[in-house]
Amino acid sequence: MARVGIIGAGHGKFGRRSDATVQELAFEAFRMAMEDAGIERGMLDASVIAAVPEYHKQRSVAGVVQEYLNLNPLPTWLTEVACASGSAALRTAWMAIQSGLHDVVAVIGCQKMTEMETAEILALMGRVGEVQWESVFGTTFPGYYAMFAQRHMHEFGTTHEQMLAVGVKNHHYGALNPNALFQKEITLAKALESEPVSSPFCVYDCCANADGAACLILACEEKAKSITDKVVWLDGVGCATASMSVLRRPDLVGLPSAQEAARRAYQMAGVTPRDIKVAEVHDCFTVAEIMAYEDLGFCKKGEGGHYIADRRSYIGGEVAVNVDGGLKSKGHPIGATGVSMAYEIVKQLRGECGKRQVPNAGVGLTHNVGGIGQYTFVHVFKRD
Amino acid sequence: MFSWFGKVSFVPYSKVADFAVHLKDGRLMGSVCKKCGYQTFPPRADCPECMSPDFSFKEYSGRGEIYTFTRTTAAPVGFEDIAPYTIIVVELEGGGRLVAWQGESLTEEDVRIGTKVQVVPRMWEKGEEIKVYYTVEKPGTTWHKAPAPHLG
Ligand SMILES: [Zn+2]
């Protein structure tokens with residue numbers, strides 16, 4: 001099969017961007033990606049836009065982004081699978097190119113989350129779970145992951161300190177990322193003192209909402225090679241789902257969708273977990289990164305707590321994980337996150353990450369989870 | 001009548017809406033497929049196995065054990081007045097799990113994975129409004145049940 005390559009990458013500043021509309025955020029990332037690829041808009045065949053619509057005042061956000069980027073009349077469409085929307089956009093762009101329909105496609109993940117009042121956000125937060133049987137008891141997003149954390153502690157002896165060590169690592173690297181929301185180190189002691197949210201979680205177990213955008217330009221193999229010599233290949237696109245109700249899952253110590261998506265992505269790319277040198281995983285809550293080490297096969301199920309405690313996910317360890325700060329420190333503009341993860345892997349494989357560069361990064365991976373594992377996308381990237 | 005179920009109702013309609021009426025009568029109901037016998041909790045009208053749309057309700061004992069739990073401090077809209085509250089997932093005897101609140105008979109020490117518990121149907125009435133739900137209590141806790149189910 002012919003390959004699909006990433007030829008350009010752009011990333012704006014994540015944070016409380018009260019200075020910009022969603023289309024203005026998209027423009028920043030798009031302009032950088034096009035400059036990076038060194039191509040003009042006339043080379044593009046289509047765009048795919050990732051955003052979660054319920055956060056925006058503007059309905060049908062793809063329309064306003066497409067106009068502002070001056071991409072009319074090119075085709076566009078929106079992808080939405082909660083926090084994994086960005087990876088869904090990459091997947092559909094990959095499909096559009098592999099089908100032969102389009103040769104060069106821009107993927108833009110963009111999200112304004114601070115446009116809403118706190119009360120509106122809290123109301124939305126109350127509808128994260130299955131609304132017929134669960135949300136009626138006041139379940140919350142942190143609450144669901146907290147219930148995974150309780151099971152993980154019960155079955156494997158994982159500790160809250162191990163979970164918070166994920167946050168300490170991600171802030172350590174986020175401090176080196178100029179695009180991150182929080183560019184400062186934290187200590188375990190400070191994390192342990194933070195306000196309770198949903199036991200065992202406190203504030204430092206949770207990622208923060210943010211505004212932001214990221215953009216990638218994808219091209220078919222032939223065009224990619226003719227345009228640039230710094231192509232990063234998207235060689236494995238794995239995607240799988242699991243029940244909306246987490247109560248109907250076989251267990252609450254991992255995400256079956258992540259395990260299945262990883263299996264498919266590894267198989268498609270012809271790699272094993274041991275080939276992965278750098279990974280971006282979905283650390284919406286600290287325990288989610290611990291489960292990701294296990295679901296992706298970096299370690300056995302139940303060993304994730306030790307994996308972080310032994311610093312095996314730091315640069316110099318086995319797989320450098322979330323060295324852009326992760327969702328925890330970089331911020332989580334939900335529609336942009338999957339594209340932002342892929343951006344970091346592209347820059348890592350190109351060796352352009354400066355102080356947080358992972359040495360000998362030839363194969364990288366993204367693990368992007370929608371909701372509470374209802375959808376997971378695992379993508380494998382390679383540099384020739 | 002499904003609007004009766006829970007503290008905040010998001011979907012006041014369902015093909016299994018009578019679940020809420022049974023709960024008001026003191027009965028916790030799952031469902032059984034009339035064609036293939038697939039049994040599940042919470043109930044569903046349409047069989048995921050054989051795709052038959054014919055089901056009947058089946059009463060559950062409500063006995064079970066704590067599968068997981070969390071004490072929520074940051075509450076969503078409509079739940080601020082009861083925060084902090086403890087959400088418990090109960091693994092039911094007969095299969096299936098449910099989400100419910102910690103009841104008054106359980107202490108903080110009781111709320112541990114594996115603790116044997118009883119799910120108890122509850123109702124509160126504020127004027128015209130009926131709300132039905134359930135809480136997680138100590139085994140042996142009793143409650144009032146209507147004499148016979150008045151719905152299929
Ligand atoms: Zn059936």
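These legends describe close-up views of a predicted model. Local features need pLDDT of at least 70 and side-chain atom pairs pLDDT 80 or more, while totals for chains, interfaces and linings use all residues. Residues are numbered from 1 along each chain as its sequence is written, and chains are lettered from A in the order in which they are written.

**View 1**

**View 2. Strands 1 and 8 of chain A.** Residues 4-11 and 232-241 pair in the antiparallel sense over 2 bridges. A:Ile6 stands opposite A:Val232.

**View 3. The largest pocket.** A pocket is an open set of points on a 1 Å grid over the protein atoms alone, where a 1.4 Å probe fits, with protein on both sides within 12 Å along at least five of seven lines; lining residues have an atom within 4 Å of a point. The volume, the space filled by probe spheres set on the points, is about 1200 Å³. Among the 42 lining residues, A:Tyr55, A:Ile121, A:Met125, A:Phe141 and A:Asn209 lie nearest the centre. Helix 4 (a DSSP H or I run of at least four residues) of chain A gives the largest share, 5 residues.

**View 4. The second largest pocket.** This pocket holds about 330 Å³. Its 15 lining residues include B:Trp101 and B:Tyr133, which are among the closest to its centre. Strand 8 of chain B supplies the largest share, 3 residues.

Technical notes:
Heavy atoms only, no water. Pairing = 2+ DSSP bridges.
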